Amino acid sequence: MLMDAKGKRFFGVDETGARVWDLLQAPKSIRELVAVLLTEYHAPLAQVQEDCTRFVGCLLAAELVEGVPDDEI
């Protein structure tokens, strides 16, 4: 369970979402997240990319993570 920065909304996450959250404790690009997830889950590349991009987008929108330019990672 995650809560937004203002403490007004809660977000339930599944096992994969929890893994992404764990991986994001250190700055990572979507590409890096996808690479790790592909080694841990049996799913097609396109699906992992789409799901990861959507989930990270939700985290950004809820201000649960901050985005940084790729050259800063």
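**Ground rules.** I number residues from 1 along each chain as its sequence is written, and I leave hydrogens and water out, using heavy atoms for side-chain values. Because the model is predicted, local features need pLDDT of at least 70 and side-chain atom pairs count only at pLDDT 80 or more, while totals for chains, interfaces and linings use all residues.

**Core.** I looked up the largest nonpolar core and found 14 residues. Such a core is a set of buried Ala, Val, Leu, Ile, Met, Phe, Trp, Tyr and Cys residues joined through side-chain atoms within 4.5 Å. Buried means under 20% relative accessible area, exposed over 50%, partly exposed in between (1.4 Å probe, protein chains only). Val20, Leu24, Leu33, Leu37, Cys52, Val56 and Leu59 touch the most other members. I then checked which helices contribute: α1 (15–23), α2 (30–40) and α3 (45–61) each supply at least two residues. The largest share, five residues, is from α3. Helices here are DSSP runs (H or I, at least four residues), numbered from the N terminus.

Leaving aside neighbours within four places in sequence, Val56 touches Val20, Leu24, Ile30 and Leu33.

**Cysteines.** How many disulfides does the whole structure hold? I found zero. The cut-off is a pair of cysteine sulfur atoms within 2.5 Å. I also looked up accessibility. Cys52 is buried at 3% relative accessible area. Cys58 is partly exposed at 45%.

**Salt bridges.** I count four. The criterion is a side-chain nitrogen of Lys or Arg within 4 Å of a carboxyl oxygen of Asp or Glu.

Arg19 pairs with Asp22, with the closest N and O atoms 2.8 Å apart. Both lie in α1, three residues apart, about one turn of the helix. Arg19 also meets Glu40 in a salt bridge, again noted as N to O, 2.8 Å. Glu40 lies in α2 and Arg19 in α1, so this pair ties together parts that are 21 residues apart in sequence. I checked accessibility for each member. Arg19 is partly exposed at 23%. Asp22 is partly exposed at 45%. Glu40 is partly exposed at 36%.

In α3, I found Arg54 bridged to Glu50. Their N to O distance is 2.6 Å. Four residues separate their positions, about one helical turn. Arg54 is partly exposed at 46%, and Glu50 is partly exposed at 43%.

Terms used. Contact means heavy atoms within 4.5 Å.
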